[in-house]
Amino acid sequence: MFKLWSFTGGVHLDTHKESSSRAPLQTARLPKALIYPLQGRGGLNAKPLVEPGERVLKGQIIARDDSPMNPPIHAATSGVVRAVEERPLPHPSGLSDLCIVIDADGEDESAEFEGVADYRKLKPQELRERIHEAGIVGLGGAAFPTAVKISPGECREVDTLILNGAECEPYITCDDSLLRNFPDEVLGGAKILMHILRVERCLLGIESDMPEAIAALEAEWQRGDYCGIEIVPVPAVYPTGGEKQLIKVLTGREVPAKGIPADIGVVCQNVGTAAAIYKAIVRGEPLISRIVTVTGLGIRQPQNLLARIGTPIAELVEQCGGYTPPVQRLILGGPMMGFALPTDELPILKSANCVLAAGPQEVIGDKQAMPCIRCGECANACPVNLLPQQLYWYGRADNLERVLDYNLPDCIECGCCDYVCPSHIPLVQYFRAAKSKVAEKERERRKADHARERFEARQARKEREKLEKAEIARRKKAMLDKAPEIQQAMDKAKALKATEVPQI
Ligand code: SF4
Ligand code: SF4
C-alpha cells in the first residue's frame, strides 16, 4: 500500500466532469486560419522568421528568440502567412501584441520530422536541446519551458520524477482523455524523463475518481517495460493537482517558500508534457497540438478535442455544436483558476487546457461582495498556509511591502479562499492585481538600479579620466622642473669633452 500524505486546506468541489468525459476524443477540424502570439516570457517577443505572403509547412519554425525561456514557435499546418500584426492576446490583461496569422491552405503538408531510434544513446543535454527545439512547455497551465525545468543543475540531487495527472479543477478532463487514449505516450515520456534526470523512481499521481484512465495506464504498464514507474491514485481534493500539493501528497516533502521542487529532490511534469516529450524524441514531432476540453452549460456538445495550437476558440465551439443560451461568461481554463475572455476570436495556446462557456449557475465569484467579517474561513481553506484576509487588506490598501511580508508570491491563485468566503469577496482578483503591482514595482526598481549603475559608471569614468589627466600633468611638470638640472649635466659633459686631449 502506497503511503500518502495530506496538505492543509483545500476544498471538495462538484467535479462536473461527466459532460465532457463521456464523449469520445475527437480531432478538431483544420481551422481556416491560425494565430500565433509572439510574446514570450520576460516580456521578450520572439523574432518572426517568416514574412507575409510566404508559404509555411506544418511543423516549420516560424518565430524564435535566443532565450532558453522561450522555445521556438511552429506552424501547426501548411499555409500562407497573412500578416504579422497586433492582435488581442488570450491573457487576463486583455492587451494586444504582435502575432503571426497563417491562412491554412487545407493541404496540411508537413515538414520532415526525424525521431531518435534509441533515446538512451543520447546524452541528457542533447535530449534537452531536442525538447527545446520542439517548442515544448508545461501543458498543465503554467507553460514553463520544459528544457529549463528538467535542468535542475549540478548542485541539486534529484531522486524522484513526479508526473501530474491529478486533474483536480472542475470541468477539465483533457488529461483524463489523454491518459485513456494515449497511455503509451505518457509512460514512454516518463521513461525519457527518467533517463534525462538520471532517476530510478517515477510516481504518476492520478485522482482516484478517474477509473478509466487508471485502468488504461495499468494495462499499458503491464504491456511495456515501465520498471520504476508507479501509478498512484490520490484523493480528489482540490487543489491536489497543484505542483507543491501533489509533491506533498506523494512524498511528504514540502517545497520551501521561494524554492523549487528540485531543491527537495523532485522534478514534476504534467502528463501532457510527458506525452509531448515522447512524440518529440521518438517521432521528432514538435508541439503543434494538444487536447482541449470544451465544456459548460453554454456548449451544445461538450467534449475533448485534439486541437492545433493557434486555432481560434470560435472554431472549436462550432465543432462542439455551438453555444446554447444563455452563456454567462467565456472562460479560458477552469472555473477556479481560469480567466474571462472578451471574445472567442482568440486562439488557443499551449497552456489552454479548457474552454468553459459557463451558464449563470456555473460562474463562481459573481455575487455581490460584502465586507470581510474576519471569519478566517479563507485561511482554513488555503493550501499554502497563507492568510488571505491579511493579503486582501494590504492589497486593497496598496501596501505592497506588507503583502510581500505575508508571502503573496507563494499564492498559487487556486481560488479556494474565494470559494469559501461567505462575503463573496473576489480575493484572487485582488491578489492578481497586487502581484501585477509588485511586478511593476520590481521592473521600475530594476530600471532605476540600471540607471543608477550607468550614472555611477559614468561618474567613475570621469573621475578616472580626471586622475589620469592630473597624473600626466604631474609627470610633465616634474620633467620641466628637472629640465635645468638636465641642461646643467649636458653642459658639463660637453665642457669635459672639449678639454680632453685628442688621441693621435
Ligand atoms: S473568508 Fe472572506 S469574510 Fe472570512 S476572513 Fe476571509 S475574506 Fe474575510
Ligand atoms: S488563492 Fe492564494 S490565498 Fe487563496 S487559497 Fe489559493 S493559495 Fe491561498
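**Labels and their cut-offs**

Modeller: By class, the ligand 2 shell holds eleven nonpolar, one polar and one charged residues. This is a predicted model, in which local features need pLDDT of at least 70 and side-chain atom pairs pLDDT 80 or more, while totals for chains, interfaces and linings use all residues. Residues are numbered from 1 along each chain as written, chains are lettered from A and ligands numbered from 1 in written order, and side-chain values use heavy atoms, without hydrogens and water.

Biologist: What makes a residue nonpolar, polar or charged here?

Modeller: Ala, Val, Leu, Ile, Met, Phe, Trp, Tyr, Cys and Pro count as nonpolar; Asp, Glu, Lys and Arg as charged; the others, Gly among them, as polar.

Biologist: Which residues come nearest to ligand 2?

Modeller: C382, C411, C414, G415 and C417, out of 13 around it. A residue is near if one of its heavy atoms lies within 4 Å. The elements giving two or more residues to this shell are α13 (416–420) and α14 (427–499). Helices are DSSP runs of H or I with at least four residues, strands runs of E with at least two, numbered from the N terminus.

Biologist: And which residues are closest to ligand 1?

Modeller: C372, C375, G376, C378 and C421, with 13 residues in the shell. That shell has eight nonpolar, three polar and two charged residues.

Biologist: Why is C421 called buried?

Modeller: Its relative accessible area is 11%. Buried means under 20%, exposed over 50%, partly exposed in between (1.4 Å probe, protein chains only). C375, at 38%, is therefore partly exposed.

Biologist: How many disulfides are there?

Modeller: The count is zero. A disulfide needs a pair of cysteine sulfur atoms within 2.5 Å.

Biologist: Why are β1 and β16 called edge strands?

Modeller: Six strands form an open, mixed sheet in the order β1-β14-β13-β17-β15-β16. β1 (26–27) and β16 (339–340) each have a single partner strand, so one side of each lacks a neighbour in the sheet.

Biologist: What makes β13 and β17 a pair?

Modeller: Three bridges, in the parallel sense. Pairing takes at least two DSSP bridges.
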